[in-house]
Each structure stands twice: as C-alpha cells, then as structure tokens.
Amino acid sequence: MKTYDYIVVGSGPGGGVVAYNLNKAGADVVLLEAGKFFRKNTFPINEADVSAQLYWGGGIEFDESAKMAFLRARLVGGTSIVNQALLDRFDDIAFKDWKTQSGVDFFNEQDMKSAYDTVSDFLSIYNFKREEMGKNAQYFAKSCDKLGYKWDFLHRGQSDCGLEKGNDCIACLGGCHRDSKQSTMATYIQRGEKEGLRVIAETEISHIEENADFVYVYGSTKGTKVKFKAKNVILAGGAFGTTKMLFQSGYKQKLSALGQNFSSHPQYMNFGVHDEEINSHKGFFQTVASKDPSFRQKGFKLECVFAGPVSIAMLFKQYGAAHQEKMMNYKHITCIETAVRDENTGEIKVDKNGKLVVQKNLTEQDKKRRDAGLEAVHNIMVESGAKEVIHAPFYFGLHLMGGAQMGVDGAKSVVAPDFKLHGSKRVYVCDSSLYPNAPGINPSLTIFALSQRLSEQLIK
C-alpha cells in the first residue's frame, strides 16, 4: 500500500489551500473529496440540478427540530463553489472574542496579517464601485443614507465576470462557468493539478485509525470500499464533515468537547415589493452591505442578496394562487438578508446509524439580535418606498462553524494551537470546525488564511 506524506480530506478553503501548498513544497499529497469534480463547462445549468448535484442532502439539511435549514456543498471546491465569494478579514472584535474563549495567542489581527496577505495576493479580490450597483443595492444604500445607517461596498473573489457580455453573477451560485469566482477549485486545485497534485473525487471518508507511525483512512469511492495510508492526515471537511469523521473514529472518548460550540450565523431573507422592475437577478447581484458600528455592537449585519426563482419560491409561505401572485412580482422585489452573530450553543452529534444530528436552538440573545436586524430591514424597506414588506418564515445556517474548536485546554477544545488534535501526533484539522465562536463576519477568507498558516508551519 502506498504511503503518502499527507492525506487531505475535504477540498474547500481549508483543504484546497493546504493540499496545494504542501504539494508545491514537494510533499507527496493526495486530496480526497466526497463530491464530484465539476469543471467550468460541466456545472449544472438550472437550479433544480444545482440543488440535487452540488449539495449534501439533495440541497438542504435540517437541525433536529426541523426549524433551521443548513446549506452545505458537496463537490471539489466545497462551499467556495456555491457561496457569494465575499472575502473579508476579521476585525479586532472577532479575534478578541476568539482569543478570550480559546486562549490561542495568534488570534489577533497582527499575527494573522501575513497569512491574510499571502492568500489575498494569490486570489483576485475585487472591490465594487458605485456604478456597478443594481437597483436592489441602490435602494438599500439610498435608504441607509436617509436613516443614518452606514454601509460600504463589498470585497468579492472574482477575476472576469464578463457582465459586459451579458452574464449575470447570480448564475455562479451554482458554480461559475467562467472560473472567475475565486473558489479553491478554480484557483488552488486546478493549478495544483498541473503541478502534480493528485485529486480523488467521489470518495467519502467514514473514519480514520491512527497509530504511532501512520494514519489509515477508510471510506468508499463510488460505492467501492477504499483504504489509504499516510504519515499525516489533515481533516478539512467543514464543521459537519470533520466532526462526523472524528465521531466515527472514536475521538469523542478522548475529546469530550467534540461536537460542541456549533454556530451558523442564522440568516433571514426579507423582501420589498415595488411598482417598478428591480431585476435583482441581473448584473452584480450583491455589491453592498451594512457597515454600521451600532449594528456590529448589536450583533447583526445586513446584506443585499438575491437568488434564482426556485430558491425564492421556497421562501414564501403562501400556496396556490396566492403563491403564484407573489412569484409574479419576482422582477419587482428588493431583498435584504439579516445575518445574526449567534451564540455558539449548538451541538453536532452522530447517532448509532451514522447520521448527523444537529441541535441548534436560538438563544434569547440570538432572538434579540435577530429582532434588531429585522427592525432595521423593515425601516430600510419602508424608506425605499416598498408597497409591501415580506419576511420569509424560514431561516438558514449558511456559515457552519465549530464542532472541533481550537483551544489551549484539551478539556474544553478539540484542536491544539498547532492544528493537531489534542493528544495526536499525526492528525490535523483545518476548516471552519476550528472556530471558537461566531465572528459575525463572512468566514471564508479566514479559513483560507488559517490554511496558509498551517501550510507554512508544516513546510517549515
């Protein structure tokens, strides 16, 4: 059996980055991914196929109470393929809270700056301009100005969206057909392939076994059982994937904090119906967001977002003719998302049948932050002249964080500051499962940066 230097499980902003860097440094690396390997010319075209082919659970997963839905990508590139590619650095507020809970010294802006700089130079990060704002963003910004709410332009990972050729960015929620979106597939992984990085897709890992010299990785590729061997393993399957693999490998007996401290930035979609056509699905569909210090202190943020008609249709609670009437206004609606910086009180478990069980109830603080955010949205919608304001009755966890928290205390955390499991010499974790608590900022760029930091540590 071949022995690799490193097996990396998961290909999102955690695994994709570290696999590329280690391979480039000369290590013998294999990158394993449960989902398929789509290229820019093979991504699904319509929304129904996107949900069925690119996500776990056929498009959506739920918590134990079925009140909260989770979106989790399943393909090479992970969630970086289907997210909105917003790339922001954490501020001092986020890092102070992380350091307080974890005791990890490098959780600060200065110590993370070098890793942030390296990945930012590697990626193409675009800052939007006023002339690129669609009507959805224009209504948002104008209303915020009148109400005294501060806002700013977004930083997005993109290189050549080709809007002048008639492209619309909303299509990239199902995979970018131009390789413009700065997913790990389009940037690190495809580049790594040209340099000899081996990628094995459609390989779902069930568990690992570690001894003094090696780590064995077990799973199946397209239904056939497989086994791999390496000197070191890096788990990067995200909060759900990594936590599940560790549970099934028996680590809960050694690491009592496994599965705890889960958070997800609960997000609520809100719509304003206008007389004129807004066409939020055209052009750059997301260019601005709130940047108000009072919102940050109150624990929420607002973003102008949108989605395709199938996804939007799922967010209206009416049925039949009433629902059809709502959808007839598709071109006339603005949309603002409220994202809550939630407490990390959720828990991830695995039942006796190997099924994920997620417990995630909103705390009183979460509800207070949600209500403050929804009030601000309502004010903006009314100020914009919307003739009707609709608050979707469902909420989603789009940023899945925690479950294998990093910290200095092995009794309260799962992963040590050197990215190894507490008590392990050969198993590392590098993804959003490390997050001690919810930062209230889009988490993607920091996963890239933590992966860069781990890469440099291992190469050194």
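A search across the whole structure, which is a predicted model, turns up 24 aromatic pairs. Take F106 and F419 to begin with: their ring centres sit 6.2 Å apart and their planes are at 20°, so this pair goes down as stacked. The cut-off for that label is planes under 30 degrees apart. F419 gets the same label, buried, because its relative accessibility is 0%; the threshold here is under 20%.

Another stacked pair is made by Y268 and Y395, so classed because the ring centres are 5.2 Å apart and the planes lie at 20°. Here the partners are on strands: Y268 is in β12 (residues 267-273) and Y395 is in β18, so the pair ties together parts of the chain 127 residues apart in sequence. Y268 has a relative accessibility of 7%, which means it counts as buried. Y395, with 13%, is likewise buried because of its relative accessibility.

Back to F106 and F419: both also turn up in an aromatic cluster, whose other members are F90, F95, W98, F107 and Y435.

Rings also meet charged side chains. W56 has R72 lying over its face, at 4.3 Å from the ring centre. R74 lies over the face of W56 too, in this case at 4.0 Å from the ring centre.

Moving on to helix packing, α5 (residues 135-147) and α11 (residues 364-383) pack with their axes 9 Å apart and at an angle of about 105°. That makes α5 roughly perpendicular to α11, a label that covers angles of 65 to 115 degrees. On the α5 side, the contact is made by F140, S143, C144, K146 and L147. Their counterparts in α11 are N379, I380 and E383.

Note on methods
Residues are numbered from 1 along each chain as its sequence is written. This is a predicted model: local features need pLDDT of at least 70, side-chain atom pairs count only at pLDDT 80 or more; totals for chains, interfaces and linings use all residues. Side-chain values use heavy atoms; hydrogens and water are left out. Axes are lines fitted to C-alpha atoms, for helices over the stretch in contact, and angles run from 0 to 180 degrees between N-to-C directions. Helices (H or I, at least four residues) and strands (E, at least two) are DSSP runs, numbered from the N terminus. Angles under 35 degrees count as roughly parallel, over 145 as roughly antiparallel, 65 to 115 as roughly perpendicular and the rest as oblique. Contact means heavy atoms within 4.5 Å. Rings of Phe, Tyr and Trp (its six-membered ring) pair if their centres lie within 6.5 Å; planes under 30 degrees apart count as stacked, over 60 as edge-to-face and the rest as tilted. Buried means under 20% relative accessible area, exposed over 50%, partly exposed in between (1.4 Å probe, protein chains only). A charge sits over a ring if NZ of Lys or CZ of Arg is within 6 Å of the ring centre and within 35 degrees of the ring normal.
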